[in-house]
Structure formats: C-alpha cells, structure tokens
Amino acid sequence: MNQKLQRATELFSDVMVYGKNKVYEHINYEIQGEFSIEQMKVLELLHTHQSLTSKELQGMLGIHKSAISNRLKKLSDRGDIVFVQEDKDQRVKHVKLTEQGTEAYVEISAQVDEYLNYLLGDIKDEELDQLIATFEKVKDIFQKN
C-alpha cells in the first residue's frame with residue numbers, strides 16, 4: 001500500500017472510531033448517563049437496519065455474545081427494544097426498536113447533529129463537497145466488493 005493511501009486509511013479509521021466515541025461520550029454526558037455509549041450504538045444500528053438478530057448486532061459491533069446479551073437485556077428492560085420471533089424459524093429472534101426506543105434514538109441523533117455542527121461548523125462548503133465526494137466514492141467501492 002502506498003504511503004498516501006495508508007495515511008488516508010489511518011485517518012479514516014481514527015475519525016470513525018475515535019470521532020464517534022468522542023461524540024457519544026459528549027452525548028452521554030448531555031443525557032446524564034441515561035444510555036451507555038454501547039447502548040447508543042445498538043440503538044443507532046437498529047434504527048438504521050430496522051430489524052437485526054443479536055448475532056448480527058454482535059458481528060457489527062465486534063463484541064462477545066455475553067456483551068450483546070447484557071446490552072439488549074438492559075434496553076429491553078427499559079422498554080426501548082423488543083424481541084420478535086421469525087415466522088419461518090421460531091428459533092430466530094429479531095431485535096427491533098419500540099416507539100420509545102425510536103424516540104430515544106431521535107433525541108440522541110439530534111444531540112449528535114448539534115454537537116457535530118459545533119465541532120465541524122468551521123469547515124468550508126468547498127471542503128465539505130470534496131469530503132462528500134470522496135466518501136461517496138469509497139462507499140461505492142465497498143458496495144461493489
């Protein structure tokens with residue numbers, strides 16, 4: 001891998017991992033610890049995908065089975081998610097957001113947007129256009145392969 005591509009890959013990874021964690025840490029402070037960072041990530045994935053199995057969530061988050069079970073139990077106990085058995089295979093349970101969980105995600109998402117606007121508000125429109133174009137290109141490459 002050439003040095004420029006390697007540096008770009010490192011920066012992309014840093015922004016995705018550290019940036020997201022920094023935002024969620026700030027939001028966690030704002031919502032006074034109502035949700036853990038890990039629970040917010042689960043809400044985000046369920047909002048994006050509508051329905052996932054715990055195994056799919058486990059894979060997307062890169063965590064152990066017991067960790068996802070713990071997070072899902074807490075969210076279920078709060079009333080933010082439900083487990084729905086699949087019609088074709090009763091052994092498979094899908095996890096879905098409840099109306100309360102969706103409302104919580106929408107509130108968290110609004111706070112994320114507000115904080116990102118605060119942090120990144122000084123980036124010029126031309127720079128944002130270039131960033132968007134680059135990310136769209138990278139997304140297309142990932143989707144094709």
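Leucine 52 has valine 95 in strand S3 as its bridge partner. This is a predicted model, in which local features need pLDDT of at least 70, side-chain atom pairs count only at pLDDT 80 or more, and totals for chains, interfaces and linings use all residues. Residues are numbered from 1 along each chain as its sequence is written, and side-chain values use heavy atoms, without hydrogens or water.

**Strands**
- Strands here are DSSP runs (E) of at least two residues, and helices are runs (H or I) of at least four, numbered from the N terminus.
- Two strands pair if DSSP finds at least two bridges between them.
- S1 (residues 52-53) pairs with S3 (residues 93-97) in the antiparallel sense, over two bridges.
- S2 (residues 81-85) also runs antiparallel to S3, joined by five bridges.
- Isoleucine 81 has leucine 97 in S3 as its bridge partner.

**Helix H2**
- H2 covers residues 37-49, 13 residues in total.
- Its first and last C-alpha atoms lie 19 Å apart, close to the 18 Å expected at 1.5 Å a residue; that span is 1.5 Å times one less than the number of residues.
- Buried residues (under 20% relative accessible area, 1.4 Å probe, protein chains only) of H2 include Ile37, Met40 and Leu43.
- Glutamine 50 follows H2 and has a positive phi, near 65°.

**Lining of the largest pocket**
- H1 (3-30), H2, H3 (54-61), H5 (99-120) and H6 (125-144) each supply at least two residues.
- H1 gives the most, with 14 residues.

Key. Buried means under 20% relative accessible area, exposed over 50%, partly exposed in between (1.4 Å probe, protein chains only).
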